[in-house]
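Please look over the sequence and the three-dimensional structure shown here before reading on. The paragraphs that follow go through its cross-links, its charged pairs and some of its strands.

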Amino acid sequence: MSARKRLLVPAALAAAFVSIVLSGCASTVALDPAASATAPGCAEIMVRLPTSVASQDQRQTNAQATSAWGTPASVLLRCGVQPYGPTTLPCVNVSGVDWIEDDSQKPSYTYTTFGRDPATEVIVDSNAVSASTALIDLQTAISAIPETGRCLDANDLLGTGDGTSTGAPTASPTAPAASVAP
């Protein structure tokens, strides 16, 4: 083997190793697209997503209208999920965006926009990042979808509230916990 080939082989192996190591650090996050991932509103959100959420860098995903942040991924986003109707799950307002909060998979919390169609789902690993920080960081992108309704609590529906939802709807035998206001 010539001296030149002896030098090129280790250099090529080193380059391949570095490439494998670096690609392993930033592997693609596998997600399933939502049913309405092709909705034009999802495209509006995707082009506005920040490169960092809750101080976590954005990662590449393998599905349309999805994104992820962190290594390992601690914030996942899917646009085009089924919008919520009335629900007994709590609704929180973060920076002007209403979110339905599902804590059934603690410490992972699922937040789904309320009063926006298509709806967007954000899953946050609360052991790794703050959900409120993540939702605040996503507010600009999510607001690209116009609000068509807002969360109301039982007092709002019964006429005993001041018209400004607390963002934490309560169950009532005569009213659903979260309803859409026109």
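## Disulfides, salt bridges and strands

Cys-91 and Cys-151 are both buried, where buried means under 20% relative accessible area, exposed means over 50%, and partly exposed lies in between, all with a 1.4 Å probe and protein chains only. The model is predicted, and local features therefore need pLDDT of at least 70, while side-chain atom pairs count only at pLDDT 80 or more and totals for chains, interfaces and linings use all residues. Residues are numbered from 1 along each chain as its sequence is written, and side-chain values use heavy atoms, with hydrogens and water left out.

Because Cys-91 lies in strand S5 (residues 91-94) and Cys-151 in the loop between helix H3 (131-142) and helix H4 (154-158), the pair ties together parts that are 60 residues apart in sequence. Helices (H or I, at least four residues) and strands (E, at least two) are DSSP runs, numbered from the N terminus. The torsion about the S-S bond of Cys-91 and Cys-151 is about 75°, so this disulfide is right-handed.

How many disulfides does the structure hold? There are two disulfides in the structure, and the other one joins Cys-42 to Cys-79, with an S to S distance of 2.2 Å. The link of Cys-42 and Cys-79 is left-handed, with -85° about the S-S bond. Since Cys-42 sits in helix H2 (residues 40-46) and Cys-79 in strand S4 (residues 75-81), this pair ties together parts that are 37 residues apart in sequence. Cys-42 and Cys-79 are both buried. When the bonded cysteines are counted along the chain, the disulfides follow the pattern 1-2, 3-4.

Helix H3 also contains Ile-142, which is buried, with a relative accessible area of 1%. Which residues is Ile-142 in contact with, leaving aside its neighbours within four places in sequence? They are Ile-45, Leu-77, Val-97, Trp-99, Thr-113, Arg-116 and Thr-120, where contact means heavy atoms within 4.5 Å. For one of these residues, Thr-113, the separation from Ile-142 is 29 residues in sequence and 8.3 Å in space, taken from C-alpha to C-alpha.

The charged side chains can be followed next. Side chains of opposite charge can pair when their charged atoms come close. A search of the whole structure finds three salt bridges, a salt bridge being a side-chain nitrogen of Lys or Arg within 4 Å of a carboxyl oxygen of Asp or Glu. In one of them, Glu-121 pairs with Arg-78, and the closest N and O atoms are 3.0 Å apart. This pair links distant parts of the chain, with Glu-121 in strand S8 (residues 119-125) and Arg-78 in strand S4, 43 residues apart. Is Glu-121 buried or exposed? Glu-121 is buried, with a relative accessible area of 16%, and Arg-78, at 21% relative accessibility, counts as partly exposed.

Another salt bridge is formed by Arg-48 with Glu-44, whose closest N and O atoms are 2.7 Å apart. Arg-48 is partly exposed, with a relative accessible area of 40%, and Glu-44 is partly exposed as well, at 37%. The side chains of Lys-106 and Asp-103 also meet in a salt bridge, at 3.6 Å from N to O. Lys-106 is exposed, with a relative accessible area of 52%, whereas Asp-103 is partly exposed, at 34%.

Strand S6 (residues 97-105) runs antiparallel to S7, and five bridges join the two; strands are said to pair if DSSP finds at least two bridges between them. The bridge partner of Ile-100 in S7 is Thr-112, and a hairpin joins S6 to S7 through two residues. S7 also pairs with S8 in the antiparallel sense, over five bridges, and there the bridge partner of Tyr-109 in S8 is Val-124. The hairpin of S7 and S8 has five residues between the strands, and in that hairpin Gly-115 takes a positive phi near 80°.

Methods
A disulfide is a pair of cysteine sulfur atoms within 2.5 Å.
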